[in-house]
Amino acid sequence: MAQEKFLWWQQDVIYQIYPRSFQDTNGDGIGDLKGIIQKLDYLSWLGIDVIWLSPVYPSPMKDFGYDISNYTDVHPVFGSMEDFELLVARIHALGMKLILDLVPNHTSDEHPWFIESRSSRDNAKRNWYIWVDPREDGSAPNNWLSVFGGDAWQWDEHTRQYYYHAFLKEQPDLNWRNPQVQQAMLNVMRFWLDKGVDGFRVDVMWHMIKDSQLRDNPPNPDYTELQPDYNKLLPVYSTDQPEVHDIVRLMRNLVDSYGKKVIIGEIYLPIEKLVVYYGVNNLGAHLPFNFQLLTLPWQATQIATAIDLYEGALPVNGWPNWVLGNHDQQRIASRVGMHQARVAAMLLLTLRGTPTIYYGEEISMMDVPIEKEQIQDPQGLNMPGKNLSRDPARTPMPWDASDFGGFSNATPWLPLGRNYKRVNVQVQQNDPYSMLSFYRKLIQIRKKEPALRIGNYRPVHSDHQLISYTREWEEEKFLVVLNLTHAVSYFDPPHVQINGTIVASTHNELEGMYVNGAIYLGGDEGILVKLNDISSL
Ligand code: NOJ
């Protein structure tokens, strides 16, 4: 395939902004759209092409914006529609793109649709949500559990039925089997596409359709007490139903009618189920999020195997993608450690497929401990004692060493990391050895080298310490060797001739070095080698 045939969302680097924590400009301790506008030059300097914004819509904020009470406006805490339009214009002027978070599975219980729906059994919008009679003994229709703890059914005394909520009771699930709901949400998408957005990240895509008979979920034989309560059952009837693909197809048809847009699906499923979301003839989601790097143990053989299985499971012309973190997960630098986070960055930015960076990863932000009394995340509050709060990964971005890290001039909604005077953008921009300089370098090389953006992937060798693979496009070939352990390792697979120059390394000192034959790697070391002879390896 010719280089020009690849689309922007296949070649670009995506950056997720959690707007509450990026940059505050109005002194309320919460980030806003004007703050994002202020930081666009930084993102452009870093080499970011695409910004994905977590929700900025009006919301009671029970789940920090994932409980939407109006799909076609902006929450005043983030700014106004004028701010949003300016943001789109500025992003596009910089040659970047904007993806919005679409949360179609559920609304807030304060959304006018739900207020109407719950008002009476014969309301025209009753069937927009999932209302079900109790069982004979008055109990909930089935055993389904909420992801955020407790029962997934909420009794409504007024109309004497239960409604289903996969998340909080303040987040009732829409009934996607109802064509009126489908049309209403397509209209929401039209609204934002007409404003110029370049695509959507679709929240909990695999939840959107539930079993038509509402059958009980079976128990999970592997459940242990430390896991979230939700894991007690296997959600085989409440998620990933075959009819969901018709819905994804509807969304896809709509965005396709607007030109070259993208749909990214948030889907936590095993690979063989995940890849079904590409759809028949790849007419489903363009990018079903591949979360393996944030769910698998950080172990070389397991990761190498997962990469190969994923590559093998992709449908023909299905485009891969990789992620190290997001607002629901532990940060990568906390999970694998600061040193391995550099190796992880090299993996993310040299694998085949679209990379998504979570804000702060580029400065190796770590999870911030949050005092019990300060916990805000409902997941943490509802299941105390299990350490499930997502707040630690959502703390304000430290821009400099000034008060509150330059994020705000008021006390932020969540505390900054204690080390923000040392770990911040300004310090790292001036340090060639910093994580930020490393991210920027990798992104710039990726931009320059088609082999890294679109070239093919071939595994070379992996063992209990190392992963290695090549990326190749026309006359250029790169070898990546990553040491996923802290111990020294040795790369000398039989029948492999290496001859090339190190163009990037987790440890700057190696850059420019000529390699010929076996390679010794220090602990936590990774190298990107430009090979002299593309027929080798
Ligand atoms: C997935 C989002 O990423 C998460 O933050 C949210 O709590 C749930 N969906 C519910 O909307």
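1. Let's start with the shell around the ligand: seven of its residues are charged, four nonpolar and three polar. Here Asp, Glu, Lys and Arg count as charged, Ala, Val, Leu, Ile, Met, Phe, Trp, Tyr, Cys and Pro as nonpolar, and the others, Gly among them, as polar. Keep in mind that this is a predicted model, where local features need pLDDT of at least 70 and side-chain atom pairs count only at pLDDT 80 or more, while totals for chains, interfaces and linings use all residues. Residues are numbered from 1 along each chain as its sequence is written, and side-chain values use heavy atoms, with hydrogens and water left out.

2. Which of the 14 residues around the ligand come nearest? They are Asp63, His106, Asp203, His327 and Asp328 (near means a heavy atom within 4 Å).

3. Now the polar contacts (pairs of N or O atoms within 3.5 Å). The side chain of aspartate 63 has an N or O atom 2.6 Å from a ligand oxygen. For arginine 390, a polar side-chain atom sits 2.9 Å from a ligand oxygen. The protein buries 97% of the 290 Å² that the ligand exposes when taken alone (Shrake-Rupley method, 1.4 Å probe).

4. Aspartate 524 is buried, at 9% relative accessible area (buried means under 20%, exposed over 50%, partly exposed in between, with a 1.4 Å probe and protein chains only).

5. Aspartate 240 also has a positive phi, near 50 degrees, and is a residue other than glycine.

Definitions and conventions. Polar contact = N/O pair within 3.5 Å; in protein donor to acceptor, adjacent residues only side chain to side chain.
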